[in-house]
Amino acid sequence: MTQEKNIKIDTRHLNLYFHEEKILKDINLEITSNQILGIIGPAGSGKTTFLRSLNRMNELEPGWRVEGQILLDEIDIYNSELDVISLRKRVGIVFALPVALPMSIYENVVYGVRLSGIKDKARLDEIVEKSLSAAFLWDEVKDRLNLSGLRLSGGQQQRLCLARVLAMEPDVILLDEPCSGLDPISTTWIEDALTELKKNYTIILVTNNTMQAARVADKTAFFLMGELVEVGLTRQIFTTPVKKETNDYITGRFG
Amino acid sequence: MRISPKYTQIVAITILGAATVFTVAILIFIIIFVLEKGLPILSFNFLFTNPTDMGRSGGILPILIGTVLLPVLAIIVAAPLGIGTSVYLVEFTHESRITRLIRFGTDCLAGVPSIIFGLFGFIFFVTILGMGWSIMSGGLSLAFMILPTIIRTSEEAIRSVPKAYREVSFSLGASRWQTVRKVVLPNALPGVVTGVVLGVGRSIEETAVVIFTAGSSLLIPTSLFDSTRTMAVHFYILAREGLSMDNAYGTAASLIIAVLIVNLSAYWMMHRFIARRN
């Protein structure tokens, strides 16, 4: 098994500008499939921007400009026949704040697959059960799938958001500080789900909680001021980081 | 000496409360005044017979028909145009000089006195397009009059749908149009309906535009190109020409009740829609 075959996402000399201010500086990062990549770094280091560039969420606002390449399975996601809608179906995202859409739990989960034209009720039922189970939420909501998603607690809503992404069966799942607003128990639920999910998905987890990266990530990348300072196996990053900045951040000397 | 916040609060609450009571009292006084004089006149016969002797006697059947037809036509034309415009402005354009100009223009139009729309309708629809004094001319002129209101209220409603909902929808692979249809419009609906109901109300109570463009015929219209008369106009003519104050108040009471029915049924439908979604 060669290294090449396992690369799901490969960014090459990625520069990102917002109103001509350089937000990301020459990011070269190979992301291995079926692993969790943790991205850590202080606020303003560009980790969320990087994450959102992977399924082109940044461009919902005007003023963004991209240089360099992001390859998903060796296809450039910015300059190819791959359109943004199919890209987002293959690269799902869970945001920092849990946002249930104001519709039932059931409709929240099938939102994406309905858009893809799946209408068969039995098939949708199956998707709902499978996705909610994978997000460790099924047992709590199976008897009230018609309840509005807004009635769930924050931790439940975030798992609903995860289930909603899983329902589309993407290749890659992006998570932007998914536990920042959650209590420790909900956090454990999410982390357990992620560890289980990496068997089938490539997961990229931006987190402000350094220990979370240490707990669940196979590899960890450290961002600082829009630059990728260092990336490596999580154990190596947390025990013998190469760069001084990485060491300073992990040991809590700044950030 | 500083007055304690407890007392300033009491003073403030008293003033605010008095303002509310005063406002509500005036409203109730007007409604009771009209209903007291009008309700005794109101009867099945009054509503469903033809007027006789220029409205001095008889009922208001043709006027009832005109009062339904004109606002309905106005809303059929103005609602899609207005809601469409506001969706386009909010969802499909970025804030620029052109959108600001459009918004400024809409605001100006919303402040234009209705008689200007009446004059425009008279020159454009009645004369230039040759539609004459007709339901068509009147309905279209009313549509133009309420268009700015509908655009602005639906725009506010659409803008107030949380950005996060849109972001989630896009992130799940929805196109902009799918996002509008499935997330934005259902959540903006209460505000959009409010705008449309305001539009219906304004066109029901309008007199100037209707006199200029739909005329004031007392015959039952048989086509959209017949002239007609609405309750507001009928009331105006009966009172102004001193034909019959009794029938004028009867018409006024019908008008108030009609507006009430429109509002109540609109809000009832809206609540049913919201209840079904949750």
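User: Which residue is the bridge partner of A:Leu71 in E5(A)?

Analyst: In E5(A), A:Leu71 has A:Asp76 as its bridge partner. This is a predicted model, in which local features need pLDDT of at least 70, side-chain atom pairs count only at pLDDT 80 or more, and totals for chains, interfaces and linings use all residues. Residues are numbered from 1 along each chain as its sequence is written, chains are lettered from A and ligands numbered from 1 in the order in which they are written, and side-chain values use heavy atoms, leaving out hydrogens and water.

User: What makes strand E4 of chain A and E5(A) a pair?

Analyst: Two strands pair if DSSP finds at least two bridges between them. Strand E4 (residues 64–72) of chain A and E5(A) are joined by 2 bridges in the antiparallel sense, so they meet that rule. Strands (E, at least two residues) and helices (H or I, at least four) are DSSP runs numbered from the N terminus.

User: Which are the edge strands of the sheet?

Analyst: The open sheet has 4 strands in the order E2-E1-E4-E5 (chain A), with antiparallel pairing. Strand E2 (21–32) and strand E5 (75–76) of chain A are its edges, as each pairs on one side only.

User: What is known about A:His13 in strand E1, and why is A:His13 called partly exposed?

Analyst: A:His13 lies in strand E1 (residues 7–18) of chain A. Its phi is positive, about 45 degrees, although A:His13 is not a glycine. Buried means under 20% relative accessible area, exposed over 50%, and partly exposed in between (1.4 Å probe, protein chains only). At 48%, A:His13 therefore counts as partly exposed.

User: Where is B:Asp53, and is B:Asp53 buried or partly exposed?

Analyst: B:Asp53 sits in the loop between strand E1 (51–52) and strand E2 (57–58) of chain B. With a relative accessible area of 48%, B:Asp53 is partly exposed. B:Asp53 also has a positive phi, near 55 degrees, in a residue other than glycine.

User: Why does B:Arg103 count as buried?

Analyst: Its relative accessibility is 13%, so B:Arg103 counts as buried. This residue lies in helix H4 (residues 97–111) of chain B. Leaving aside neighbours within four places in sequence, B:Arg103 is in contact (heavy atoms within 4.5 Å) with B:Glu95, B:Arg152, B:Glu155 and B:Arg159.

User: Why are H4(A) and H6(A) called oblique?

Analyst: Helix H4 (residues 121–134) and helix H6 (residues 154–166) of chain A pack at about 130 degrees, with axes 8 Å apart. Angles under 35 degrees count as roughly parallel, over 145 as roughly antiparallel, 65 to 115 as roughly perpendicular and the rest as oblique. H4(A) and H6(A) are therefore oblique to each other. Their contact is made by A:Ser131, A:Leu132 and A:Ala134 of H4(A) with A:Leu160, A:Ala163 and A:Leu166 of H6(A).

Definitions and conventions
Axes are lines fitted to C-alpha atoms, for helices over the stretch in contact, and angles run from 0 to 180 degrees between N-to-C directions.
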